Amino acid sequence: MGMNMNSGDISFPHLGIELHNVPTGFNVFGIHIMWYGVLITIGMAAGFAAALRQAKKEHVDTELIWDFFIPAIIFGVIGARIYYVVFFWDMYKDNPLSVFNIREGGLAIYGGVIAAILTCYIFTKIKKISFLKFLDICIPGLILGQAIGRWGNFMNREVFGRYTDGLFAMRLPIVDVRSRDVTMELAEHMFSDNVNYIQVMPTFLYESALNLLIFLIMILYRKHKKFQGEITLIYLGGYGIIRFFIEGLRTDRLLLWNTNIAVSQLLGMILFLFAVGAEVVVRVRMARKKVIEKQNSSSEDSTP
């Protein structure tokens, strides 16, 4: 069943894809740079470019995007780290200074999203511009950045799911994987070639592809949106339901304290229900307003 794997290899056997000696990083002038950080940076740059493009289309001053970008990234990274550490505190409590070492992962996207949206709210209040309109301009870039950034998890051999022998099954040498991500199920299905390896669901790939789908939906729909904030609701609902299902497949879920409830799975469902509910409420209010305006118009026309 093996494909002559070695440490550093990644393969998708049913797709006939074999990648050898895939590095987690590279050296520049003696400094080791992780691909994880590089891909997240590329994702941020792509998201920023998408926001600039949308601002131009909506005739919004692009300087606002430039002014917002830096604080959004700073507080987004801080929020992503805090979220991760809070729900994974057992790993850091014996060495609190390790909280500041993010070179090898340990960022939770929901923490970054929450922090970025709060930053956007404060920014728009200071600039005296519409919060929902500005958020609608920036939010497609956020999910584009997430889609690209997920490939940093691929380079780190993390954010994978349980055992599968399906079409997209991915094989990883167990020496390249964090031990805490290897469940009993994966250990029971461990194979051996030149090295021991596990065969998993590439959930990072599923999420990346679905994020791109949500991004395309947002881009195609934005000309047809009915109210400010509707693009944001597509993000909250779309990403929420994606995360709800994918989180259930992952082996590295962040859990609510002393429970077996995945935090991001719970939050994803809450955001999905909120987005659907908000969409229905706003649409109903808009329909009622139109009916009232039509009635008032008819009354005026019938007045002698």
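Author: First, a definition: accessible areas come from the Shrake-Rupley method with a 1.4 Å probe, and for residues only the protein chains shown count as cover. By that method the protein chain has an accessible surface of about 16300 Å², and 65% of this belongs to carbon and sulfur atoms. The model is predicted: local features need pLDDT of at least 70, side-chain atom pairs count only at pLDDT 80 or more, and totals for chains, interfaces and linings use all residues. Residues are numbered from 1 along each chain as its sequence is written, and side-chain values use heavy atoms, with hydrogens and water left out.

Reader: How many helices and strands does the protein chain have, and what makes a run count as one?

Author: The protein chain has 8 helices and 7 strands. Both are DSSP runs, numbered from the N terminus: helices are H or I with at least four residues, strands are E with at least two. The C-alpha trace spans about 95 × 40 × 40 Å along its principal axes.

Reader: Why is Gln146 called buried?

Author: Buried means under 20% relative accessible area, exposed over 50%, and partly exposed in between (1.4 Å probe, protein chains only). Gln146 has 6%, so it is buried. It lies in helix α4. Across the protein chain, 43% of the 304 residues count as buried.

Reader: What does Gln146 contact, leaving aside its neighbours within four places in sequence?

Author: Contact means heavy atoms within 4.5 Å. Gln146 is in contact with Ile109, Val113, Asn211, Tyr235 and Tyr239.

Reader: Is Tyr121 buried, exposed or partly exposed, and why?

Author: Its relative accessibility is 40%, so Tyr121 counts as partly exposed.

Reader: Why is the pair of Tyr235 and Tyr239 called stacked?

Author: Their ring centres are 5.8 Å apart and the planes meet at 10°, so the pair is stacked. Both residues lie in helix α7 (residues 230-247), 4 residues apart, about one turn of the helix.

Reader: What makes phi of His59 and Arg157 worth a remark?

Author: Most residues other than glycine have a negative phi. His59 is not a glycine, yet its phi is positive, about 60°. Arg157 also has a positive phi, near 60°. His59 lies in the loop between α1 (35-57) and α2 (62-86). Arg157 is in the loop between α4 and β5 (170-173).

Reader: Are these two buried or exposed, and how do you know?

Author: His59 has a relative accessible area of 75%, so it is exposed. Arg157 has 3% relative accessibility, so it counts as buried.

Reader: What makes a set of residues a nonpolar core?

Author: A nonpolar core is a set of buried Ala, Val, Leu, Ile, Met, Phe, Trp, Tyr and Cys residues joined through side-chain atoms within 4.5 Å. The largest has 44 residues; Ile65, Phe68, Tyr83, Phe134, Ile143, Met218 and Tyr235 touch the most other members. Another core, of 20 residues, lies apart from it and includes Val22, Phe160, Leu172 and Leu186.

Notes
Phe/Tyr/Trp six-rings, centres within 6.5 Å; stacked < 30°, edge-to-face > 60°.
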